[in-house]
Amino acid sequence: MPNTVVAAVSTLGAAQSRHFPLGISAAPKGQPDQGANVAVYAPAHRDVVLCFQPPGDSWRAILLPDKTDGVHHGFVEGLPVGTRYGFYTNLAASREELLLIDPEAVQLLLDPYGRYIDEITRADGSVGYLSVRMDSGFDWGTVTRPNTPWRETVFYEAHVRGQTMLHPEIPEEIRGSYAGMAHPVMIAHLLELGVTAVELLPVHFHLDEPHLQGTGMSNYWGYNTLGFFAPHAQYASAAAREAGPAAVQAELKGMVKLLHMAGIEVILDVVYNHTAEGGPGGPSLSWRGLAEEQYYRMRDGQYYDTTGCGNTLNFGNPQVMKMALDSLRYWVEEFHIDGFRFDLAVSLARNGKHEFDNQHPFLLAAAADSVLGTTKLISEPWDVGYGGWQTGNFPTGWADWNDTFRDTLRDIWLTDRATMFSGYHHNGLAKLGDALGGSSQLFAASGRSSMSSVNFVTAHDGFTLADLTAYNNKHNLDNQEENRDGNSNNRSWNHGVEGITNDEKILAQRARTSRNLMATMLLALGVPMLTAGDELGRSQGGNNNVYCQDNEIAWVDWSMDEEAKTMLAATRRLLKIRKDFLAAQPSGYPTRGGQSFIHWFGADGVPMSPEEWKNPHERVLTMLMGSPDGKVDGLVVFNTGITDEDVVLPANPRFGAESKDGEIVEPRSYMLRMTTAEATLADDGEPSFRLPRSIELVKPGERVRVDANTVQIYRNDLTSR
């Protein structure tokens, strides 16, 4: 047992401490510089002991002297930056017995507001965790947040570790780290690709689930949080971890700073719906030992779990809501984070009856907060509880992951085409038109526009883009759960062969379908999100649930074969076309009334009729989009069928009408800017989808051949050509 010094805090006179802010905060004026105010929420406990070990010193134990509104607090001297600490309490123990605790023999309760978590190995070989007092200093210089408008935003969902573990041009010692994510090679890739924000899978300190112990696997994704204010230290480089907590924190902030210098925002995927303490009987690491019935959602004295993870944090308790808001503000103010994607966000907005409430105080408080209201707030608008699907129902100030968009695009380009080859036709094009138009009906009831729709085809959870086109079924045996895990309804299509094949025709069609899915997502109204590696045709071998695969299965492959180069060229070209088109539109496009239009036409160049929208045999849709005040209109032809078609390019309704100056605007011809059919070779021999501007123009009313399974993109300029 270590030599623990039992100290006393004077309770004579007025209390020197305050019950706010929670956690460890700087000493009030007039108090010793290395002292601190300590406050922890534990309403059911009569007494709470603080155990702490200043750097290079022995352990000390202090009974926090004051309690206000369920918060135990005290002013503690000799608690400098770098001090390791934790709390201990036991309802059955006397005050004297509480102070006899051996801090190295038990798991102290972590500070829910702790800024760093130190992982230790005890003498018996067991692993323990301690909170660490941190300094927030960092030199940001003149670098500020990019504040990219929603309209220009393109998300890139990535994993800090998996993004760079296999990159040959990044120094080996920083691969898989915060420093690796901000290496010039990686920043150059993001900029050349054309994305504006990296959306990082959880970087809060997290644990592996108990069922992974002994399997050789770990929680790769990180959705099992142990510290909402603490960075995950294992994502720092070995040198930073060796240097200590301050260096780990500085490396993460340095990553954000370098990305911001390049104009790239940083979005964090955050998990406030549950904690790493698991279900009843799980470890008591922090919240459970301090205030179990307050922190966790209960019904009839039992855990009420809407997350599928064993517990659900109770956002009906003001202290839980405050903890989440304080955590979010901390990451914005101290780490300059630009926004958050909230895992299983419906669980954060369930009321006292456990029902979703889109006017829940947490949702409104986050959107109205003077700090958080300047960031991007994105919901994963579902959980596993009753009434858990709420896409389109979050309030203003929030954007939603749009799973309806995802499912529609997969149906159109994958499952519908698969059934056509079997002689069946099931769905018309109405859902495709709605998706391309920003799912306006889905979001209208909440008073939001298409800019609240985060459009995606893939995410970390599920098949990659390449695997959607190569597998009909999941292949998750590497997860050691007998292929029971992961979603079985993937809306995928293998194009005739399951998995790996050498058939060049099948490979060509798979690659084209991938390009079509990417093109449709990037050309739709709304805010697109790419999944890291999709721009390279990354495969996970059919595994659609790589949460436990911290290896080559889940890491981004940077070997850059011909298929990867071709997919990268297509994605870059699509993002360049998107950016150029938006630059030619007024600032109010597409959300301000009268600032945008979309016209729909069939293969005959005539506006789509209600019957054609519903007819499953109609497989060609032409979309003409732009603004009355824009300089360029865009025309996109989607041939989602299995036969080549001759398509009439429609007359643009803007032409042939009277202009603002009283003149008749003459029709302008269409210029083909890209086709997803196949790549050409650039002068350097690399695949390219860039077409020469000298390509022959197409007049309205003329026919063009559009191959099956192809997207063609045109521009229609206001000025004569």
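A salt bridge is taken here as a side-chain nitrogen of Lys or Arg within 4 Å of a carboxyl oxygen of Asp or Glu. The model is predicted, with local features requiring pLDDT of at least 70 and side-chain atom pairs counting only at pLDDT 80 or more, while totals for chains, interfaces and linings use all residues. Residues are numbered from 1 along each chain as its sequence is written, and side-chain values use heavy atoms, with hydrogens and water left out.

**Salt bridges**

- By the rule above, the count comes to 29 salt bridges.
- One of them joins the side chains of E380 and R341, at 3.0 Å from N to O. This pair links distant parts of the chain, 39 residues apart: E380 lies in the loop between β19 (376–379) and β20 (399–402), and R341 in strand β18 (residues 339–342). Helices (H or I, at least four residues) and strands (E, at least two) are DSSP runs, numbered from the N terminus.
- E380 counts as buried because its relative accessibility is 8%, and R341 counts as buried at 0%. Buried means under 20% relative accessible area, exposed over 50%, and partly exposed in between (1.4 Å probe, protein chains only).
- The side chains of R350 and D383 form a salt bridge at 2.8 Å, N to O. R350 lies in the loop between β18 and α9 (361–368) and D383 in the loop between β19 and β20, so the pair ties together parts that are 33 residues apart in sequence. Both R350 and D383 are buried.
- R448 and D400 also meet through their side chains in a salt bridge, at 2.9 Å from N to O. R448 lies in the loop between α12 (440–444) and β21 (453–455) and D400 in strand β20, so the pair ties together parts that are 48 residues apart in sequence. R448 and D400 are both buried.
- A network of salt bridges links D269, R341, D343 and E380.

**Annotated domain**

- An unreviewed UniProt entry places the feature "domain: Glycosyl hydrolase family 13 catalytic" at residues 163–578. UniProt positions are given in the numbering used here, feature names are shortened, and annotations may be inferred rather than shown by experiment.
- Over residues 163–578, the chain is 35% helix and 11% strand, with the end C-alpha atoms 25 Å apart.

**The loop between β22 and α15**

- D557 lies in the loop between β22 (527–531) and α15 (562–583), and counts as partly exposed because its relative accessibility is 39%.
- M560 is found in the loop between β22 and α15. This residue has a positive phi of about 55 degrees although it is not a glycine, and at 25% relative accessibility M560 counts as partly exposed.

**Other backbone features**

- H336 is a residue other than glycine with a positive phi, near 60 degrees. H336 lies in the loop between α8 (318–335) and β18, and counts as buried at 16% relative accessibility.
- The peptide bond from F20 to P21 is cis, with omega near -10 degrees; P21 lies in the loop between β1 (5–7) and β2 (23–26).
- Y589 and P590 are joined by a cis peptide bond with omega about 0 degrees, and P590 lies in the loop between α15 and β23 (597–601).

**A buried cysteine**

- C51 is found in strand β4 (residues 49–53) and counts as buried at 0% relative accessibility.
- C51 and W331 are 280 residues apart in sequence and 27 Å apart in space, C-alpha to C-alpha.
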